[in-house]
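Please keep the sequence and the model in view while reading.

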Amino acid sequence: MSLLFPLGLLAVAAWLLPLLIHLARRHPYTPVDFAALRWLRARIRPRQRIRFDDWPLLLVRLLLLAALALLLARPALTGPEPAPAAWTVVAPGMDAAALRSTEDLRNWHWLAPGFPPIGQPAPPGDASLPSLLRELDAQLPTGTALTVYVPDPLPGLDGARLQLSRPVQWRPQPLAARTSQAVPAPPRLRVRSDAPAAAQHWLTALQRAWGAQPLAAPLSADALPERGETGVWSSADPLPTTWQAWVDQGGSMLSRAAPPAGARLLLRDAQGAPLLWEQRLGRGHVLYLPREWDAGRTLALRDDHLPRQLLQALQPPASPRLGDALDQAPQRASLPPAVPPARELAPWLMLVILLLFALERWMASSARRRRPA
Amino acid sequence: MPLLLPPDLRARLRALRLRPRLASGMSGIGQHASRSRGAGLEFAQYRAYEPGDELRQVDWKLYARSDRFFVRESERESPITVWLLLDTTASAGQTDRVDPGRSRLDHMRLLAACVVELALQQGDRFGLLAIDGEGLQLVPAGHGARQRDRVYLQLQALRARGGWPAAERLRPLWERVRPGDLLLCIGDGFDETGVVLLEQLARARRDVVLLQVLTADERDFPFDAGHRFRDPETGEEVRGDGAAIRSDYLQRFAEARTALQSRLQAGGIASATSWLDQPLDQPLQALFGRGITA
């Protein structure tokens with residue numbers, strides 16, 4: 001247990017208040033009617049020792065203030081949560097009931113955000129399973145054995161290989177992959193009408209190499225390409241502002257202009273000279289190919305690999321998200337020890353404070369009831 | 001609180017007789033010995049025949065034995081007047097710690113009711129005098145059940161207030177209480193002027209009895225913490241730690257009681273003490289019980 005805000009304990013200084021109240025409120029001389037007064041001889045013993053009135057009430061008040069100060073100091077439990085010895089997670093979409101019949105029945109959870117118990121209805125399985133496994137691995141205390149049921153093939157893969165800090169019983173179950181990604185349509189080039197014929201010739205060849213489609217009709221002088229098309233700027237002049245704004249909102253285009261300073265070199269030609277640059281511009285990007293766009297005179301344009309490389313630059317291939325589950329079995333890695341999240345005790349403390357407050361009120365008012373004025 | 005005497009108390013009261021120590025000589029038939037002798041129920045003495053005595057008073061059987069004329073004389077019984085003198089100054093409002101609902105005045109009322117009961121059962125006349133800060137409140141003497149109701153009504157109306165009044169305001173007392181009357185003073189006996197008044201009354205041939213009503217707190221002094229003791233009559237205050245001043249107080253209080261007792265005895269005043277936590281008839285037994293002929 002630790003305090004997230006230890007300065008809050010300074011509020012204990014408020015103890016001074018009830019202490020003073022209970023000191024000042026004492027009136028040792030309660031009045032008594034006594035007719036035989038003349039036989040009383042006044043003899044007041046000097047009783048100056050510190051004495052607190054009503055000390056049970058004082059105690060409750062001090063406790064109440066201490067609890068409030070503790071609440072301000074935000075105590076939290078950081079120690080390891082009492083952990084079960086074994087966890088079993090099942091990826092959503094699998095038949096949990098059939099799997100459970102074969103195994104120990106305790107601590108079964110869905111491999112879904114929040115890790116709901118298996119008794120609840122299966123959550124939608126659109127979250128990435130490896131990511132969830134990493135999260136679970138970080139949350140579980142060391143020593144808890146983990147059994148994982150995943151579909152084979154395993155969907156939702158990302159760039160990194162799955163590495164967990166504990167040995168995992170990896171149980172792939174064959175399950176048909178639900179979605180096969182459609183191959184995206186090749187980009188459609190849109191050239192301006194003032195482009196030279198040699199450039200249009202090369203661009204038509206490029207378009208045909210990608211998708212056996214003819215080049216779309218050239219744009220008129222001021223028109224912009226449609227959304228989804230790839231604009232082509234075939235002159236060496238810098239882009240006009242209207243085209244820049246178009247790219248900025250997510251367009252992609254191919255330009256013959258010289259690349260600006262921040263552009264990234266993508267390709268070199270067969271001789272090793274830089275050929276293709278890319279620059280991100282807002283949400284879109286521009287490819288710069290500052291050569292003469294004439295297949296007859298520029299050797300690089302006649303390269304067999306250029307259409308494919310240009311296509312990859314315009315449409316980067318999606319990384320594979322589906323893989324063989326056995327191949328993707330998590331590797332053991334020595335990860336930094338997971339720091340379990342601190343569990344704040346505020347709700348319980350509030351309950352204690354409320355109870356103490358009720359007790360204090362009851363004691364204070366009942367003490368007054370006992371002594372009618 | 002109604003003046004209801006419990007049945008067992010009534011039964012015990014039945015054995016008591018109000019007996020004046022000074023024989024009075026009022027005319028009438030009653031229970032009390034009178035100075036005047038003559039025809040009556042209770043035999044008093046034989047005396048020698050004198051000329052002028054009625055012949056039917058001569059005891060002829062004695063003449064037959066002694067050959068002399070003797071006259072049989074009886075004591076004439078006469079009713080007396082019982083006066084209840086209640087000291088309802090502010091000190092009568094004091095209550096005990098253990099029983100805060102019952103004040104000294106309540107106890108005095110019940111004692112007075114007991115005495116009224118006694119007077120009623122012997123056919124005596126009785127009246128009520130109550131002294132408080134305002135002066136004297138009075139129910140003239142009378143007898144019978146209606147007189148009892150009048151006295152009860154006045155008893156209920158009594159409130160503890162004020163200090164002992166000046167002597168002039170008590171003048172009606174001298175006019176009402178005749179020599180030979182039984183004056184039963186019920187009070188705490190703490191007022192010096194009150195004791196002086198009783199002594200004067202006793203010297204003036206009134207049959208004075210003091211029923212001192214004291215609280216258990218005054219006897220035991222059960223205070224242990226610090227208290228501010230306040231005299232209800234003077235408003236004077238004494239601060240003290242109960243445990244510290246207890247023994248000193250008890251000693252001085254006992255001395256004062258002894259002194260008062262001897263003073264009353266010297267003044268010819270019978271006295272008894274009634275404690276608030278003890279039965280009502282205990283002091284009455286001591287005063288009027290069988291075997292004690294005062």
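Helices (H or I, at least four residues) and strands (E, at least two) are DSSP runs, numbered from the N terminus. The expected span of a helix is 1.5 Å times one less than its number of residues. The model is predicted, with local features needing pLDDT of at least 70 and side-chain atom pairs pLDDT 80 or more, while totals for chains, interfaces and linings use all residues. Residues are numbered from 1 along each chain as its sequence is written, and chains are lettered from A in the order in which they are written.

The helix α4(B) has 13 residues, and its first and last C-alpha atoms are 19 Å apart, close to the expected 18 Å. A residue is buried if 20 or more other C-beta atoms lie within 10 Å of its own, exposed if 12 or fewer, with C-beta atoms placed from the backbone.

| Side of α4(B) | Residues |
|---|---|
| Buried | B:Gln147, B:Val151, B:Leu155 |
| Turned away, exposed | B:Ala145, B:Arg146, B:Asp149, B:Leu153, B:Gln156, B:Ala157 |

Among the elements covering them are α3, β5 and β6 (135-142) of chain B.

A nonpolar core is a set of buried Ala, Val, Leu, Ile, Met, Phe, Trp, Tyr and Cys residues joined through C-beta atoms within 7 Å. The largest one has 51 residues, and B:Leu84, B:Leu184 and B:Ile186 have the most contacts inside it. Its largest share, ten residues, comes from α3(B).

Key. Two residues are in contact if their C-beta atoms, placed from the backbone, lie within 7 Å.
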